Amino acid sequence: MNTHKTYTLKEATIKLMNYCAYQDRCHQDVEKKLFELRMIPEARQQIIHTLIQEDFLNEERFAQSFARGKFRIKKWGKLRIQQELKKRKISRFNITTALKEIDEEDYHETLSLLFEKRRDSLTEKNPVKLKKKIADYLLYRGWESHLIYEKLAEI
């Protein structure tokens, strides 16, 4: 016997309001949560509509806080942030707006810090292999290749 808790529309709406109040969420996260709660499609649409009207769900705000957080905390570059936002089905306009949240001076400073930190952590003696390891590391984190190669030219 497979018993699952069922929620009324009001209970599910309150549960999702708390879910969105805890942290900014995108529509995809909310849809997934509603699916997990086994809500019917009509109820899902109504709950999402309510969340948007009450400003619990805002894609632009989500994209901006996502970009700021991933840059400051995880030190991701703009390409990785953009890729992750696309994965979450965020609109092109909201992605562009979110990337403007990152200060250019901070962006270049962070790249320099990551570059120095990675260079200091490697024991590679061959300069070509050293450059490749640093470039691979920074490319994986989503930094633009032209910025990486400018930094590598300094070695």
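This is a predicted model: local features need pLDDT of at least 70, side-chain atom pairs count only at pLDDT 80 or more; totals for chains, interfaces and linings use all residues.

Tutor: Let's go through some helix pairs, then a few single residues.

Student: OK, helix 1 and helix 3: at what angle do they cross?

Tutor: Roughly 45°, and the axes of helix 1 (residues 9-22) and helix 3 (residues 41-53) come within 10 Å. Helices here are DSSP runs (H or I, at least four residues), numbered from the N terminus. Axes are lines fitted to C-alpha atoms, for helices over the stretch in contact, and angles run from 0 to 180 degrees between N-to-C directions.

Student: What do you call that arrangement?

Tutor: Helix 1 and helix 3 are therefore oblique to each other. The cut-offs: under 35 degrees is roughly parallel, over 145 roughly antiparallel, 65 to 115 roughly perpendicular, and the rest oblique. The crossing of these two is right-handed, meaning that the near helix is turned clockwise from the far one by less than a right angle.

Student: Which residues meet there?

Tutor: From helix 1 you have L9, A12, T13, L16, M17 and C20, and they meet A43, Q46, I47, T50 and L51 of helix 3. By class, that contact has eight nonpolar, three polar and no charged residues. Ala, Val, Leu, Ile, Met, Phe, Trp, Tyr, Cys and Pro count as nonpolar, Asp, Glu, Lys and Arg as charged, and the others, Gly among them, as polar.

Student: Zoom in on L9. Which residues is it in contact with?

Tutor: Leaving aside neighbours within four places in sequence, L9 is in contact with M39, A43, Q46 and I47, where contact means heavy atoms within 4.5 Å. L9 and Q46 are 37 residues apart in sequence, yet 8.6 Å apart in space, C-alpha to C-alpha.

Student: And is L9 exposed or partly exposed?

Tutor: Partly exposed, with a relative accessible area of 33%. Buried means under 20% relative accessible area, exposed over 50%, and partly exposed in between (1.4 Å probe, protein chains only).

Student: Switching topic. How do helix 4 and helix 5 pack?

Tutor: Helix 4 (residues 59-72) and helix 5 (residues 78-87) pack at an angle of about 140°, with their axes 10 Å apart. So these two are oblique to each other, and their crossing is right-handed. F62, A63, F66, A67, K70 and F71 of helix 4 make the contact with I81, E84 and L85 of helix 5. That gives seven nonpolar, no polar and two charged residues.

Student: What else does helix 5 pack against?

Tutor: The buried residues of helix 5 pack against helix 4, helix 6, helix 7 and helix 8. Those buried residues are K78, R80, I81, Q82, E84 and L85.

Student: How about helix 7 with helix 8, what's the angle?

Tutor: They cross at roughly 135°, and their axes come within 10 Å. That makes helix 7 oblique to helix 8. L111, L114, F115, R118 and R119 in helix 7 meet L130, K133, I134, Y137 and L138 in helix 8. Those residues divide into seven nonpolar, no polar and three charged.

Student: Which residues of helix 9 are buried?

Tutor: L147, I148, K151 and L152 are buried in helix 9 (residues 145-152). They cover an arc of only 140° around the axis, which puts them on the same side of helix 9; the arc is that of the directions from the helix axis to the C-beta atoms. The buried residues of helix 9 pack against helix 7 (104-121) and helix 8 (127-140).

Student: Last one: which loop holds D55?

Tutor: D55 is in the loop between helix 3 and helix 4. Its phi is near 65°, a positive value in a residue other than glycine. Most residues other than glycine have a negative phi. K75, in the loop between helix 4 and helix 5, also isn't a glycine and has a positive phi of about 60°.

Definitions and conventions. Residues are numbered from 1 along each chain as its sequence is written. Side-chain values use heavy atoms; hydrogens and water are left out.
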